[in-house]
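Let's take a friendly tour of a protein and see which side chains meet. Keep the picture in view as you read.

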Amino acid sequence: MASATKAVFFDVDYTLIYPGPMFQAVGYRQACERHGMAVDEARYADAVKAALASLDHEQVLYDDAVFTRFIRRIIEAMGGRGDQIDACATEMYAAWAHCHHFHLYDEADAVLRELAARDLKIGLISNSHRKLDDFVDHFQLHGLVAAAVSSAQHGYCKPHPSIFQAALSQAGVGAGESLMVGDSLTHDVHGACAVGMRGVLLHRHEGPLPDLDVPDIRNLTDLPPLL
């Protein structure tokens, strides 16, 4: 794998960054309270799991409405009712674009800099409406990122092949010499492999690693040894 690799592409959310309180159970409760709704924080984890299952079936073309429905489903599953659900979901969707609501994983900066020091090109491919230039600025990653494509900018979401092809073209590398790292087997790994890239699944959760035919890692510090 090492000799052929010229570029490493990363998913952004839950791969390089994770949400702060705004998008945890407490943030949903506080947002709902601002809109006159009461929800149960204890139902948050199950609500997200159920909403994600629906989101996987809806994402092809990027559509703001898909993501506001995703947030609405979480609110409803947490017990939210009333005519303010859509307003609350729209507010939270808009806030997802703001980097100050997110934290860079502890190891991410050092790993990105190590890869850049090896003369590997670094790319970002994100199913988000976040401006990736803002992401680079906020987390002080200047000079590290050779290509960055968001689904809102591109029009298609991962795992659609065109978003990977757009990122490869922007970086000036071929699929066979590129690697994609992300936390979604469907969107990141299978999507990348379908266009001829190699994929690595980032599995931060506790418990055994899944039995897959692609490499999997616990955190980003496990990535450089694979290269």
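What follows covers the charged pairs, the nonpolar parts and the aromatic rings.

## Before we start

This is a predicted model, where local features need pLDDT of at least 70, side-chain atom pairs count only at pLDDT 80 or more, and totals for chains, interfaces and linings use all residues. Residues are numbered from 1 along each chain as its sequence is written, and side-chain values use heavy atoms, with hydrogens and water left out.

## Salt bridges across the chain

How many salt bridges does a search of the whole structure find? The search turns up 12. To count as one, a side-chain nitrogen of Lys or Arg has to sit within 4 Å of a carboxyl oxygen of Asp or Glu.

Take E91 and R34: their closest N and O atoms are 2.8 Å apart. This pair links distant parts of the chain, with E91 in helix α4 (residues 85-95) and R34 in helix α1 (residues 25-34), 57 residues apart. (Helices, H or I with at least four residues, and strands, E with at least two, are DSSP runs numbered from the N terminus.) E91 counts as partly exposed because its relative accessibility is 30%; buried means under 20% relative accessible area, exposed over 50%, and partly exposed in between, using a 1.4 Å probe and protein chains only.

Next up is R204, which forms a salt bridge with E107, the closest N and O atoms being 2.9 Å apart. R204 lies in the loop between β7 (198-202) and β8 (216-217), while E107 lies in the loop between β3 (102-104) and α5 (108-117), so the bridge ties together parts that are 97 residues apart in sequence. Is E107 buried or exposed? E107 is buried, because its relative accessible area is 12%, whereas R204 is partly exposed at 25%.

R113 is partly exposed at 36% relative accessibility, and D109 is partly exposed at 25%.

Salt bridges can join up, too: D11, K158 and D188 are linked in a network of them.

## Nonpolar cores and a surface patch

A nonpolar core is a set of buried Ala, Val, Leu, Ile, Met, Phe, Trp, Tyr and Cys residues joined through side-chain atoms within 4.5 Å. The largest one here has 60 residues, and F10, L16 and F135 have the most contacts inside it. Leaving aside neighbours within four places in sequence, F135 is in contact (heavy atoms within 4.5 Å) with several residues, including V12, C99 and L141. There is also a second, separate core of 16 residues, with A167, L168, A171 and A192 among them.

V60 sits in the loop between α2 (44-58) and α3 (64-77), and is partly exposed at 45% relative accessible area.

## Aromatic rings

The whole structure has 8 aromatic pairs. Rings of Phe, Tyr and Trp (its six-membered ring) pair if their centres lie within 6.5 Å; planes under 30 degrees apart count as stacked, over 60 as edge-to-face and the rest as tilted. Y18 and Y105 form a tilted pair, 4.9 Å centre to centre with 45 degrees between the planes. Y18 lies in strand β2 (residues 17-19) and Y105 in the loop between β3 and α5, so the pair ties together parts that are 87 residues apart in sequence.

Y18 is partly exposed at 30%, but Y105 is buried at 15%. Elsewhere, ring pairs link F23, W96 and F102 into a cluster.
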